[in-house]
Amino acid sequence: MAGTFLNLSDDDQEEKSEPKIGAGLKRKVKASRPRADTEAVAAAGRAHGFNRSTESTQPSAVPRRGRPPLNQDMTYWRIYVSSKLRDELNTLRDDEGRRLNDVIEDMLAAYRSAKT
């Protein structure tokens, strides 16, 4: 009677003949896939401006200013411009290391001064 408290049967002491969960996964054979060509992947990334190299980059001569100061009121404004104008503005922005907002402000000031 020892060890039979609340046991309905003593057959739980025996080993079960059922397979263990997940044992069938060990026997599955995975289909082999060819490895990706790393040079082709890198070339495709470079075509879109993405570079996977771990080399150190040259810092720009004039660091671009980041976000506006906390006390400067800024508003998100979405506009459509031609791709040529966008590329020229981005080049100007990168060459001078300034925010696009500052470039546009200077252009507006030059336009106003030329009008008067």
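Analyst: Buried means under 20% relative accessible area, exposed over 50%, and partly exposed in between, with a 1.4 Å probe and protein chains only. Asp94, at a relative accessible area of 39%, is therefore partly exposed. The model is predicted: local features need pLDDT of at least 70, side-chain atom pairs count only at pLDDT 80 or more, and totals for chains, interfaces and linings use all residues. Residues are numbered from 1 along each chain as its sequence is written, and side-chain values use heavy atoms, with hydrogens and water left out.

User: What does the protein average in pLDDT, and where is confidence lowest and highest?

Analyst: pLDDT is the predictor's confidence in each residue, from 0 to 100. The protein averages 77, and 68% of the residues score at least 70. Confidence is lowest in helix 1 (residues 23–27), at a mean of 75, and highest in helix 4 (residues 100–115), at 90. Helices here are DSSP runs of H or I with at least four residues, numbered from the N terminus.

User: What span should helix 3 have?

Analyst: The expected span of a helix is 1.5 Å times one less than its number of residues. Helix 3 has 14 residues and should span 20 Å; its end C-alpha atoms are 20 Å apart, which agrees. Just after helix 3, Gly97 takes a positive phi of about 70 degrees.

User: Which residues make the nonpolar surface patch?

Analyst: Patches are made of residues with over 30% relative accessible area and no salt bridge; like charges are joined within 9 Å, and nonpolar side chains (Val, Leu, Ile, Met, Phe, Trp, Tyr) within 5 Å. Accessible areas come from the Shrake-Rupley method with a 1.4 Å probe, and for residues only the protein chains shown count as cover. Trp77, Ile79, Val81 and Leu85 make a nonpolar patch of about 430 Å². Val81 lies in the loop between helix 2 (38–47) and helix 3 (83–96), and is partly exposed at 39% relative accessible area.

Definitions and conventions. Salt bridge = Lys/Arg side-chain N within 4 Å of Asp/Glu carboxyl O. Helix = DSSP H or I, 4+ residues; strand = E, 2+ residues; numbered from the N terminus.
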